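Subject: Structure handover

Hello,

Here is the structure for your files. My notes on what was found in it follow below.

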Amino acid sequence: ASWITVTSSETEAPTISVDNSKVSEWVAAQVKDVDEEPVTGKRNVNSQGKEVAVSVEAVDGREVTNADTISDAIVQALSSGKPYSGTFETKEIKATWEERKIAAGAENLAYQAAPGERWIDIDLGNDTVTAYVGADAQATMLMVPGRPGMETVTGTFTVYLKYESQTMRGANADGTTWTAPDVQWVSYFHGDYALHAAPWQPSFGWDGPGGSHGCVNMSTSDAAYVFDFAPVGTTVVSHY
């Protein structure tokens, strides 16, 4: 009704006028529900150009091609006092692909790194941290992960914050709190989860009761190595 103005007259039949701009605005709003942007696919390829993994599937898009025609037809119908029914016509928008070349041998690792790319592998199955460049391991170090009930997070992340030294605080499973002053070589990769030095641990390369509150505990020298090796933005993969 907001599209239409009715002008009455004592001597003539009422006249109807339709606001073209309001009709066009309404049609455009409906078009937004029909149109779909294509999704660019992303896939990893090896040095021979062969696909080894797809991280994002390509999805074709859709675009309405007759919006103006429908707007004009609605205006004409309403101006004549008639109902209108119409259908959007669409055309397909083909999706494209982005290809990412990975290092030789990376297809067999937890992360398919590009040639020369630095990344950190946290293997919670064997309690190790490995620094990689591409598919080449630079150093493998023992660590202690989160204790039962406070397990270390799994997934693919990036180093986003680093401290050479920091006082860390948190809560235990029973609700009590803890404080660890002057924790060295801290590399945060997800929320409160970090790789850091834990000189209070008697040894490394084990998990279970006595483990961390979720962080990856390492020897001071190994935590310093990771700190120097992995700048902010470095990919970190944590897995079993």
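Thr234 sits in the loop that links helix H3 (220-229) to strand S16 (235-239). Helices (H or I, at least four residues) and strands (E, at least two) are DSSP runs, numbered from the N terminus. This is a predicted model, in which local features need pLDDT of at least 70 and side-chain atom pairs count only at pLDDT 80 or more, while totals for chains, interfaces and linings use all residues. Residues are numbered from 1 along each chain as its sequence is written, and side-chain values use heavy atoms, with hydrogens and water left out.

Thr234 is buried, at a relative accessible area of 5%; buried means under 20%, exposed over 50%, and partly exposed in between (1.4 Å probe, protein chains only). Its side chain reaches the backbone oxygen of Pro231 at 2.7 Å. Apart from neighbours within four places in sequence, Thr234 is in contact (heavy atoms within 4.5 Å) with Arg118, Trp119, Ile120, Phe157, Thr158 and Val159.

Now the sheet. Four strands form an open sheet of mixed pairing, in the order S12-S13-S14-S15. Strand S12 (161-171) and S15 are the edge strands, each pairing on one side only. From one strand to the next the twist averages 40 degrees. Two strands count as paired if DSSP finds at least two bridges between them. Axes are lines fitted to C-alpha atoms, for helices over the stretch in contact, and angles run from 0 to 180 degrees between N-to-C directions.

The pairs are as follows:

- S12 and S13 run antiparallel and are joined by 9 bridges; Gly170 stands opposite Trp178 in S13.
- Strand S13 (residues 177-190) and S14 also run antiparallel, with 3 bridges between them. His190 is opposite Tyr193 in S14.
- S14 and strand S15 (residues 216-218) pair in the parallel sense over 3 bridges, and Leu195 has Val216 in S15 as its bridge partner.

The hairpin of S13 and S14 has 2 residues between the strands, and Gly191 there takes a positive phi near 55 degrees.

Is strand S14 enclosed or open to the outside? Of the 5 residues in S14 (residues 193-197), 4 are buried, so the strand is largely enclosed by the rest of the structure.

Helix H3 lies across S12, S13, S14 and S15, and runs at about 40 degrees to S13.

Regards

Note on methods
A polar contact is a pair of N or O atoms within 3.5 Å; within protein, one must be able to donate a hydrogen and the other to accept it, and residues adjacent in sequence count only if both atoms are side-chain atoms.
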